[in-house]
Amino acid sequence: MKSITFLKSISNETKLRLVSLLIENELCVCEFEEITNIRQVNISKNLISLKDAGIVEARREKQRAFYFLTEDFTGNEHLINHFKDLKMNEPRLIKDHEIFMK
């Protein structure tokens with residue numbers, strides 16, 4: 001049932017975009033902000049929600065927190081494959097990844 005909990009937790013476009021970007025790398029809030037053009041306060045609010053759901057964790061490096069997907073989440077092969085498929089087919093996610101790769 002953990003998959004259902006994860007899916008419920010990724011219930012809006014912002015959370016979907018954040019998780020999609022974390023499939024490849026860990027990122028800090030400032031990088032999310034630059035890639036997605038979403039205000040820092042909204043990114044932080046959504047990251048807290050994803051953290052509470054057990055989807056992301058953070059590691060601190062000096063003043064910054066770098067977010068990454070938890071092993072619990074990445075261990076769900078079906079969800080990860082679905083996210084990889086989404087980022088190749090959804091226009092908003094494609095654009096995010098293009099910006100990220102620059």
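Ser-9 is buried, at a relative accessible area of 13%. This is a predicted model. Ser-9 belongs to helix 1, which covers residues 2-9. Elsewhere, helix 2 packs against helix 6 at about 105°. The whole structure holds 0 disulfides.

**Ser-9 and its surroundings**

- Ser-9 lies in helix 1 (residues 2-9).
- Leaving aside residues up to four places away in sequence, Ser-9 touches Lys-15, Leu-50, Ala-53 and Ile-55.
- Ser-9 counts as buried because its relative accessible area, 13%, falls under the 20% cut-off.

**Helix 2 against helix 6**

- Helix 2 spans residues 13-22 and helix 6 spans residues 77-89.
- Their axes are 10 Å apart, and the packing angle is about 105°.
- Helix 2 is therefore roughly perpendicular to helix 6, since angles of 65 to 115 degrees fall in that class.
- From helix 2, the contact involves Leu-16, Val-19 and Ser-20.
- From helix 6, Phe-83, Leu-86 and Lys-87 meet them.
- The residues of this contact between helix 2 and helix 6 comprise 4 nonpolar, 1 polar and 1 charged.

**Cysteines and disulfides**

- A disulfide covalently links the sulfur atoms of two cysteines.
- A search of the whole structure finds 0 disulfides.
- Cys-28 is buried, with a relative accessible area of 3%.
- Cys-30 is partly exposed, with a relative accessible area of 35%.
- Cys-30 gets that label because its 35% lies between the 20% and 50% cut-offs.

Definitions and conventions. Residues numbered from 1 in each chain as written. Predicted model: local features only at pLDDT ≥ 70, side-chain atom pairs only at ≥ 80, totals over all residues. Heavy atoms only, no water. Helix = DSSP H or I, 4+ residues; strand = E, 2+ residues; numbered from the N terminus. Buried < 20%, exposed > 50% of the residue type's maximum accessible area, 1.4 Å probe, protein only. Contact = heavy atoms within 4.5 Å. Disulfide = S-S within 2.5 Å. Axes fitted to C-alpha atoms, helices over the stretch in contact; angles between N-to-C directions. Parallel < 35°, antiparallel > 145°, perpendicular 65-115°, else oblique. Nonpolar A, V, L, I, M, F, W, Y, C, P; charged D, E, K, R; others polar.
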